[in-house]
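Student: I would like to learn how to read aromatic pairs in a model. Please show me the structure.

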Amino acid sequence: MSEKKYSSKDYWTKNQPTWCPWCGDFTILNSLKWALNNLQIAPEKTVLVAWIWCGSLMPYWVKTYWMCTLHGRSIPVAKWVKLANNDLTVIVNAGDWDSLWIWLGHFSHCFRRNLDITILIDNNWIYWLTKWQTSPTSQKLTFSSSTPFWSIETPVNGLALATLMGATFVARGFTWDQKWLTAIIEEAIKHKWTAVIDILQPCVTFNKVETYEFYFDKVEDLEKNTWKKIISSREEAVKILSTPQEKIPVWIFYKEDLSTYENQCFQLEKWPLVSQDIENIDVEKIMKKFS
Ligand SMILES: Cc1ncc(C[n+]2csc(CCOP(=O)(O)OP(=O)(O)O)c2C)c(N)n1
Ligand code: SF4
């Protein structure tokens, strides 16, 4: 086997993560670094996009290019990064409020576009940064500072929504299991279309209900091979994702290869936009046509 160009150290920055001990975000960080290393993706060809919440501090601890954007705007920023230079590996790291509340429009529509980006949702079923409020993924009857008489809304089913909107890679991971989470992230990055992974990430400080112990009982055990099937029918995937299961399935649910947005842009046929000579492009004619 040929020697690896990048070692795992090439993806580490000098700074130490400041999350609470046992926070699930550590597993996501490690899994992401291992996935990049296993795939030998050049750190200088990778862009991590996030904003400002607990897990979105992740870019400080991964040695790639990164951007912390405005709240709820990571997907459009990731999209423009990808369109400007489709040679880059672009990864979005989001929270459950970030993706399934403030960003819901961007989240839904990105699957129709199907650019080659990977979206990780660090789903802790609660808002951390603003100190323990009910989130769009909180279960019914959640007690928190924003719902002191318990929540009565039903939670958003992000994966079912993504599948309905045309997602071509839909998966769930669990932060107790770094080996499988790494494998899922690797598959998502390899997938040449928009990939989404909902990651069950217990917030050990603020979420005293959906704890690791809570999930141990409920999550499928991949070592026992209880779930590990990839569904090829979108209808079946939506049905399974929308039907409460005895155990929460983790792994890749649905995968399909279609045309990426980039592949359908004639402007990107030969080179990424950043490598093209735009000096002599005359936009006057087209401006006149539509003015
Ligand atoms: C436009 C806007 N509205 C509200 C906020 C306040 N705010 C900051 S973090 C946050 C919740 C983040 O929750 P989530 O995305 O689930 O991540 P977590 O912190 O739970 O990991 C909110 C409401 C903000 N920063 N910007
Ligand atoms: S508050 Fe929760 S989500 Fe944030 S670092 Fe601590 S355990 Fe993790």
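Student: Are Trp125 and Tyr215 buried or exposed?

Tutor: Buried means under 20% relative accessible area, exposed over 50%, and partly exposed in between, with a 1.4 Å probe and protein chains only. Both Trp125 and Tyr215 are buried. The model is predicted: local features need pLDDT of at least 70, side-chain atom pairs count only at pLDDT 80 or more, and totals for chains, interfaces and linings use all residues. Residues are numbered from 1 along each chain as its sequence is written, chains are lettered from A and ligands numbered from 1 in the order in which they are written, and side-chain values use heavy atoms, without hydrogens and water.

Student: How is a pair of aromatic rings described?

Tutor: By the distance of the centres and the angle of the planes. Rings of Phe, Tyr and Trp (its six-membered ring) pair if their centres lie within 6.5 Å; planes under 30 degrees apart count as stacked, over 60 as edge-to-face and the rest as tilted. The count here comes to 21 aromatic pairs. In one of them, the centres of Trp125 and Tyr215 are 5.5 Å apart and the planes at 75°, so the pair is edge-to-face.

Student: What is the arrangement of Phe214 and Tyr215?

Tutor: Their ring centres are 5.2 Å apart with planes at 85°, so this pair is edge-to-face. Phe214 is partly exposed, at a relative accessible area of 22%, while Tyr215 has 1% relative accessibility and counts as buried.

Student: Which residues form one aromatic cluster?

Tutor: Trp22, Trp125, Phe174, Trp176, Tyr212, Phe214, Tyr215 and Phe216.
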